[in-house]
Amino acid sequence: MTEMSLETAVRTRHSVRGFLPDRVPQETLDKVFDLARWAPSGTNIQPWQVYVASGEIRDNLRAQFMQRTRNNHPPSVDHKGTRGPLGEIWKTRRRECAAVLYDAMGVAWEDKPARAEVGFRNFELFDAPHVAFLCMDEVFGIGSAWDVGMYAQTLMLSMTAHGLASCAQGTMAHHPDLVREAFGLGSEVKVLFGLSFGFADPNMSVNNAHTARAELQETVTFKG
Ligand SMILES: Cc1cc2nc3c(=O)[nH]c(=O)nc-3n(C[C@H](O)[C@H](O)[C@H](O)COP(=O)(O)O)c2cc1C
């Protein structure tokens with residue numbers, strides 16, 4: 001691993017939505033995922049089950065995701081991302097995130113077909129040669145989803161430190177039956193989200209999209 005400070009890893013990791021076709025050598029994959037397993041979890045239960053699709057299995061899944069999306073096949077997620085209508089503060093942040101993305105790609109908000117194309121890129125895996133599915137058993141609820149989230153950030157930072165780029169994708173949970181079929185999993189394995197990864201394509205303007213963050217005092221309260 002190249003030496004990288006935690007601050008550099010945290011600040012340079014960002015969602016990449018355009019990848020080169022080159023596969024990551026297995027030796028690097030082993031190192032990246034070996035580091036990520038040191039993420040913390042409640043009572044150290046380590047509920048994450050991670051399935052990484054590469055090569056033919058990735059190609060087939062990608063084709064199936066694209067076909068389902070083109071056919072307007074409705075998503076059937078195992079776990080809903082949100083539980084109700086969002087308040088204005090969160091809607092604003094979501095709109096700002098979309099604006100950064102569309103800006104980087106030169107897509108106007110009014111251009112609905114172009115926006116749909118941007119969304120469709122999710123199902124093309126942004127051309128990433130690998131996609132990881134982050135799953136947990138059906139016995140686990142929200143408390144264990146926290147653990148999987150911690151694993152995911154540890155994994156993405158590990159990727160950054162090893163020179164890899166990634167994009168977490170809730171959209172990769174749209175068709176969990178396809179993931180279970182591809183990996184021969186039982187229905188008790190539930191998909192939370194996916195993560196496309198590989199080497200960033202420096203020529204893709206979308207990779208210049210950099211989101212902002214709410215100010216410290218907006219999200220953290222110090223008292224006493
Ligand atoms: C759990 C999760 C799900 C996400 N799902 C998607 C997705 O489906 N498609 C996408 O393009 N980005 C997705 N993102 C990326 C976010 O939009 C991104 O992390 C956020 O805008 C902050 O930008 P940054 O990652 O570049 O710092 C997801 C991120 C997370 C953590």
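I take contact as heavy atoms within 4.5 Å, and helices (H or I, at least four residues) and strands (E, at least two) as DSSP runs numbered from the N terminus.

I note that this is a predicted model, in which local features need pLDDT of at least 70 and side-chain atom pairs count only at pLDDT 80 or more, while totals for chains, interfaces and linings use all residues. Residues are numbered from 1 along each chain as its sequence is written, and side-chain values use heavy atoms, with hydrogens and water left out.

I then listed the buried residues of H6, which include Ser-144, Asp-147, Val-148, Tyr-151 and Ala-152, and also Leu-155, Met-156 and Leu-157. I checked the length of H6 (residues 142-161) as well: at 1.5 Å a residue its 20 residues should span 28 Å, and the end C-alpha atoms are 29 Å apart, which agrees; the expected span is 1.5 Å times one less than the number of residues. Just after H6, I found Gly-163 with a positive phi of about 80°.

Next I turned to Ser-54, which has its place in strand S1. Is Ser-54 buried or exposed? I found a relative accessible area of 15%, so Ser-54 is buried. Leaving aside residues up to four places away in sequence, Ser-54 touches Arg-23, Pro-129 and His-130. I also looked up Thr-12, 42 residues from Ser-54 along the chain, and the C-alpha atoms of the two are separated by 25 Å.

Last, I looked at the chain as a whole, which has eight helices and four strands, running α-α-β-α-α-α-β-α-β-α-β-α from the N terminus on. The radius of gyration is 18 Å, close to the 17 Å that the globule rule gives for 224 residues, so the chain is as compact as a globular protein of that length; the radius is taken over C-alpha atoms, and the rule is 2.2 Å times the number of residues to the power 0.38. The C-alpha atoms fill a box of roughly 55 × 40 × 40 Å along the principal axes. Buried residues make up 41% of the 224 residues, and residues 24 or more positions apart account for 85% of the contacts with a separation of 6 or more.

Notes: Buried means under 20% relative accessible area, exposed over 50%, partly exposed in between (1.4 Å probe, protein chains only).
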